[in-house]
Amino acid sequence: MADVVCFGDLLVDFVPTVTGTGLADAPGFTKAAGGAAANVAVGLARLGTSSGFMGKVGDDPFGRFLAGTLAAEGVDTSPLGLDPAHPTAIAFVSLREDGEREFLFYRDTAPDRFMAASDIDDEALRAAKVFHFDSIALAAEPPRTPALAAAEHARGFGAMISFDVNLRQMLWPDIATARSVIDKAATLSSVLKVSDDELEVLTGNRDVETAREAYWHDAMQLLVVSRGSAGCIAVTAETQVDVPSFRVTPVDTTGAGDAFVAGLLSSLASDTDVIRRPDDLARACRVANAAGALTTMTRGAIPGLPTRAAIDRLIAEATPG
């Protein structure tokens with residue numbers, strides 16, 4: 001059983017072999033394991049935090065490749081289902097010269113689109129200190145209802161509930177629906193992370209006060225607004241800390257937000273009281289910022305997820321951004 005259970009998407013990413021092209025112009029693609037929640041699970045394992053993944057893939061070559069990739073990284077895959085009836089999801093992700101991405105998803109008949117309440121592994125949730133999910137798992141129905149139900153189960157078992165807004169507009173029918181469902185997920189969350197870009201799309205404003213007005217509730221413990229290369233701002237009921245990031249040369253931003261979440265949750269899983277100590281919270285945010293920054297220096301999400309030693313070196317040696 002794992003300290004942090006991540007619920008969500010697990011798919012095969014096909015990433016161009018060269019940067020600076022759109023999907024139509026890419027000369028070839030490299031296969032890699034992907035999916036935001038899976039990236040967080042692997043990121044946690046790399047940082048020495050026990051993690052598990054709950055979701056569904058096809059009982060096919062791609063699904064077995066994905067399950068094997070997670071297991072090889074030390075992620076507990078016992079909550080992961082293999083579906084013989086539906087093919088594993090795939091996505092094509094292009095890399096522009098500036099490291100930003102273009103997505104093309106093939107997932108309408110993916111196994112997670114057929115998830116049910118019976119796929120929730122309550123044994124794994126009962127053992128977890130933290131349950132993490134994001135809005136990719138909420139964009140379609142299912143897996144929306146099982147995802148929200150799993151969060152409610154985990155909260156009932158006493159776990160801290162972490163939610164990453166992680167907005168992918170192309171997966172939603174419209175922004176109004178996305179806003180409504182994300183608001184529902186926020187009410188279940190004790191820790192919520194949103195980027196300033198996502199905040200602007202959802203609320204029309206990028207500032208922290210807007211995030212607080214939109215998402216804060218009495219049971220929330222921590223609200224984090226990530227700001228890319230500018231770092232992040234963490235808000236609790238008592239304090240607010242503004243933590244700069246680190247100067248790096250990005251190659252590929254895929255998975256940077258997931259690495260950030262893994263860095264943050266690694267600190268919280270070790271000691272949830274970090275939230276109530278401003279200096280320790282700032283240190284947790286520095287770890288998260290460093291994890292995100294380091295991930296951008298390598299092509300592909302999982303290959304770029306850093307170890308604790310790499311994060312410690314960056315914090316010790318690098319100049320904050």
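Me: How do the axes of H9 and H11 cross, and within what distance do they come?
Reply: This is a predicted model, and in it the axes of H9 (residues 278-295) and H11 (residues 308-317) come within 9 Å and cross at roughly 105°. That makes H9 roughly perpendicular to H11.

Me: Which residues meet there?
Reply: From H9 you have Arg 286, Val 287, Ala 290, Ala 291, Ala 293 and Leu 294. On the H11 side they meet Arg 308, Ala 310, Ile 311, Leu 314 and Ile 315.

Me: OK, switching to H5. Which residues are buried in H5?
Reply: Ala 178, Val 181, Ile 182, Ala 185, Ala 186 and Leu 188. Looking down the axis of H5, those buried residues fall within an arc of 150°, so they line one face of the helix.

Me: Why would residues three or four places apart point the same way?
Reply: Because an α-helix has 3.6 residues a turn.

Me: And what covers the buried residues of H5?
Reply: The cover includes strands E8 (130-134), E9 (160-164) and E10 (191-195), along with helices H4 (144-156), H6 (196-203) and H7 (208-215).

Me: What caps the N-terminal end of H5?
Reply: Asp 174 does, with a side-chain oxygen 3.2 Å from the backbone nitrogen of Ala 176. As for the helix itself, H5 runs over residues 175-188 and reaches 20 Å from its first C-alpha to its last, close to the 20 Å expected.

Me: Now H4. What should its 13 residues span?
Reply: 18 Å at 1.5 Å a residue, and the end C-alpha atoms of H4 are 18 Å apart, which agrees.

Me: What do the buried residues of H4 pack against?
Reply: Strand E1 (4-7), helix H3 (122-127), E8, E9 and H5. The buried residues of H4 include Arg 144, Pro 146 and Leu 148, plus alanines such as Ala 147 and Ala 154. H4 is followed by Gly 158, which has a positive phi, near 95°.

Key
Residues numbered from 1 in each chain as written. Predicted model: local features only at pLDDT ≥ 70, side-chain atom pairs only at ≥ 80, totals over all residues. Heavy atoms only, no water. Helix = DSSP H or I, 4+ residues; strand = E, 2+ residues; numbered from the N terminus. Expected span 1.5 Å × (residues − 1). Buried < 20%, exposed > 50% of the residue type's maximum accessible area, 1.4 Å probe, protein only. Arc of directions from axis to C-beta. Contact = heavy atoms within 4.5 Å. Polar contact = N/O pair within 3.5 Å; in protein donor to acceptor, adjacent residues only side chain to side chain. Axes fitted to C-alpha atoms, helices over the stretch in contact; angles between N-to-C directions. Parallel < 35°, antiparallel > 145°, perpendicular 65-115°, else oblique.
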